[in-house]
Amino acid sequence: MLLQVENLKTYFHTPRGIAKAVDGVSFSVEKGETRAIVGESGCGKSITALSLLQLVPEPAGYIESGRILFEGKDLLDRTWEQMREVRGDDISMIFQEPMTSLNPVYTVGWQIEETMRAHGKNAATARARALELLDRVGIKDPSGALRQYPHELSGGMRQRVMISIALANRPKLLVADEPTTALDVTVQAQILALIRELQKETGMAVLLITHDLGIVAEVADTVSVMYAGQVVEDAPTRELFKNPRHPYTRGLFASLPARNRRGQDLATLEGVVPDSAAWPKGCRFADRCKYAWESCHTIAPTFHPNGSDRPVRCHLYDPNISGRPSRLPWLTELPVTADLVEAAKL
Ligand code: SF4
């Protein structure tokens with residue numbers, strides 16, 4: 001296993017108390033695998049990603065507990081200096097808005113080459129690889145681009161530069177946080193294709209943070225669905241799309257536009273994610289869940305209820321919970337994903 005995250009808890013001091021943004025998250029990523037983490041804003045996806053590289057905003061944020069095993073060794077045992085060696089080398093990260101991570105006062109060339117020089121490459125090797133990388137990410141005039149500053153480039157070009165920086169040292173794991181959200185559909189498709197292509201060549205694993213289920217269908221092998229700081233469902237992509245089990249996952253799917261629901265209103269997920277400084281006592285989704293019953297408001301569901309072969313955090317799958325309906329309530333409803341499965345050729 002390349003990456004194994006176990007019971008990760010990342011908290012923040014806030015005026016309202018301790019906000020438990022990531023509250024016991026576990027998942028794993030194999031070599032070459034693409035795992036998507038999906039969920040609405042405020043579910044803890046990005047904080048999970050930042051925690052992996054110990055980039056949680058300090059001093060308010062801190063990792064309370066858990067393990068982040070990378071090639072069997074716990075990254076949380078490493079010092080800041082040791083983590084610098086991991087970042088940009090074994091694990092690299094791309095963000096939604098490249099301007100926040102590119103330095104406006106240095107040229108593109110300096111920034112790509114510096115990533116390699118910091119990890120021991122000499123200047124000539126770094127220059128040659130920078131040219132090769134810019135060419136690979138589809139920049140037409142790589143040597144001209146090396147001399148440009150970030151503000152001279154379009155959004156799509158800047159994201160390509162960020163990808164070049166992220167891939168410069170051939171990482172074993174790429175953490176991509178909404179990497180294409182700010183881009184138009186064509187550039188988005190090119191960038192996803194590029195990541196896939198490079199992944200095939202190098203065996204790189206990808207942890208993709210996204211709210212876009214279309215992108216998940218296209219690129220992910222496995223999916224962790226996050227809600228309110230926890231993983232609520234974990235499944236291979238195909239299985240998740242064919243049979244979403246958690247009411248929250250079903251709500252996410254039902255709120256997507258789809259062909260066989262043409263003419264019908266989109267089912268929006270009403271309500272908001274609860275306050276992370278005061279998570280509800282029972283199921284964190286209970287106030288928004290149309291299937292909730294009394295036990296849901298008083299007992300917190302576990303991630304491995306009895307009788308379920310695929311982990312899901314919901315009492316509907318736990319025969320030991322009182323008041324549970326004898327069969328899944330949506331069996332009489334229209335399927336939420338049949339058209340998506342067909343469209344995504346899953
Ligand atoms: Fe809905 Fe209850 Fe399942 Fe929570 S435990 S998702 S409230 S049915």
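This is a predicted model: local features need pLDDT of at least 70, side-chain atom pairs count only at pLDDT 80 or more; totals for chains, interfaces and linings use all residues.
Q: Why is Ala182 called partly exposed?
A: The relative accessible area of Ala182 is 49%, and the terms are set so that buried means under 20%, exposed means over 50%, and partly exposed is what lies in between, with a 1.4 Å probe and protein chains only; Ala182 is therefore partly exposed. This residue lies in the loop between strand E7 (173-177) and helix H7 (185-202), where helices (H or I, at least four residues) and strands (E, at least two) are DSSP runs numbered from the N terminus.

Q: What makes the protein chain as compact as a globular protein of its length?
A: The protein chain has twelve helices and ten strands. Its radius of gyration is 21 Å, close to the 20 Å that the globule rule gives for 346 residues, so the chain is as compact as a globular protein of that length; the radius is taken over C-alpha atoms, and the rule is 2.2 Å times the number of residues to the power 0.38. Buried residues make up 52% of the 346 residues.

Q: Why is the pair of Tyr227 and Phe285 called edge-to-face?
A: Rings of Phe, Tyr and Trp (its six-membered ring) pair if their centres lie within 6.5 Å, and planes under 30 degrees apart count as stacked, over 60 as edge-to-face and the rest as tilted. The structure holds six aromatic pairs. In the one formed by Tyr227 and Phe285, the centres are 5.1 Å apart and the planes stand at 80°, so the pair is edge-to-face. Tyr227 belongs to strand E9 (residues 222-227), whereas Phe285 is in the loop between helix H10 (247-254) and helix H11 (294-298), 58 residues apart.

Q: How do you know whether Tyr227 and Phe285 are buried or exposed?
A: Tyr227 has 1% relative accessibility and therefore counts as buried, and Phe285, at 3%, counts as buried too.

Q: What makes Tyr248 and Phe285 an edge-to-face pair, and which parts does the pair tie together?
A: Tyr248 and Phe285 are 5.3 Å apart from centre to centre, with 70° between the planes, and they form an edge-to-face aromatic pair. Tyr248 lies in helix H10 and Phe285 in the loop between H10 and H11, so the pair ties together parts that are 37 residues apart in sequence. Ring pairs link Tyr227, Tyr248 and Phe285 into a cluster.

Q: Why does Ala228 count as buried?
A: Ala228 counts as buried because its relative accessibility is 0%. Ala228 is found in the loop between E9 and strand E10 (230-236), and it has a positive phi of about 50° although it is not a glycine.

How values were computed
Residues are numbered from 1 along each chain as its sequence is written. Side-chain values use heavy atoms; hydrogens and water are left out.
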